[in-house]
Amino acid sequence: MADVGVRAARREDVLQVANVQVRAWRYGYRDFLPEGPLEQMTGPAAEKMWLRQWDEAIVAPPTSRHRVLVAVETILDTEGFPALGAGGSAALATPRGGERVVGLASHAPAEDPDLDPTEVAEMLTLLVDPDFVRRGHGSRLLNATVDHLRDDGYRQIVTWVFADNYAVLGFLESAGWGEDMAERVLDMGRPIRMIRLTTDIS
């Protein structure tokens, strides 16, 4: 059994946050991103960069409207989480009663030039560790994000998603998000399309 929740990220979470990001990307993007760019995004050099960036985002955000939230589980009984091969056994190192970061979400005022950053926020990240999916963490993170941004006075949220990331697209669409026709194309050895989704929270 495990106790679950969402809270603001703290400095001591930085390493776990970076690890969740890398694991989620390796597992979730492997079917549609080229192998080389994905390795560059998740390899040892990239992990060091993400650690620095998450430390800054969590400890010294640019404004009070830049936030990082984490989904946590407090392990009450011994459990195994084998979804990502040998890496999944890392959960067994969590002491009974110890809190483990299993997902994250971050948001900020929107920066796209066609959006008003006083009324529109962007969800920059929504990731769950592949060993902890289908436990409601994504929904809890999404709901907490909406609550924070509504309290900040925002009326709309946008987020960018890979067009071939059908799992995330389906999840957000089931929560009431929809495409707003904006898109971008990344050069990752071949064109990789991203689409922008939006939801009204007014």
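In what sense do strands S2 and S3 pair, and over how many bridges? In this predicted model, local features need pLDDT of at least 70 and side-chain atom pairs pLDDT 80 or more, whereas totals for chains, interfaces and linings use all residues. Residues are numbered from 1 along each chain as its sequence is written, and side-chain values use heavy atoms, without hydrogens or water.

S2 (residues 67-75) and S3 pair in the antiparallel sense over eight bridges. Pairing requires at least two DSSP bridges between the strands. Strands are DSSP runs of E, at least two residues; helices are runs of H or I, at least four, and both are numbered from the N terminus. Val72 has Val101 of S3 as its bridge partner. S3 also runs antiparallel to S4 (residues 120-128), joined by seven bridges. There, Pro109 is bridged to Ala121 of S4. Of the 11 residues of S3 (residues 99-109), 10 are buried, that is, under 20% relative accessible area with a 1.4 Å probe, protein chains only.

Asp13 sits in the loop between strand S1 (2-8) and helix H1 (14-28). Asp13 counts as buried because its relative accessibility is 3%. Beyond neighbours within four places in sequence, Asp13 contacts Arg7, Ala8, Val70 and Val101; contact means heavy atoms within 4.5 Å. The side chains of Asp13 and Arg7 form a polar contact of 2.7 Å. Such a contact is a pair of N or O atoms within 3.5 Å; within protein, one must be able to donate a hydrogen and the other to accept it, and for residues adjacent in sequence both must be side-chain atoms. Asp13 and Asp55 are 42 residues apart in sequence, with a C-alpha to C-alpha distance of 8.8 Å.

Terms used
Buried means under 20% relative accessible area, exposed over 50%, partly exposed in between (1.4 Å probe, protein chains only).
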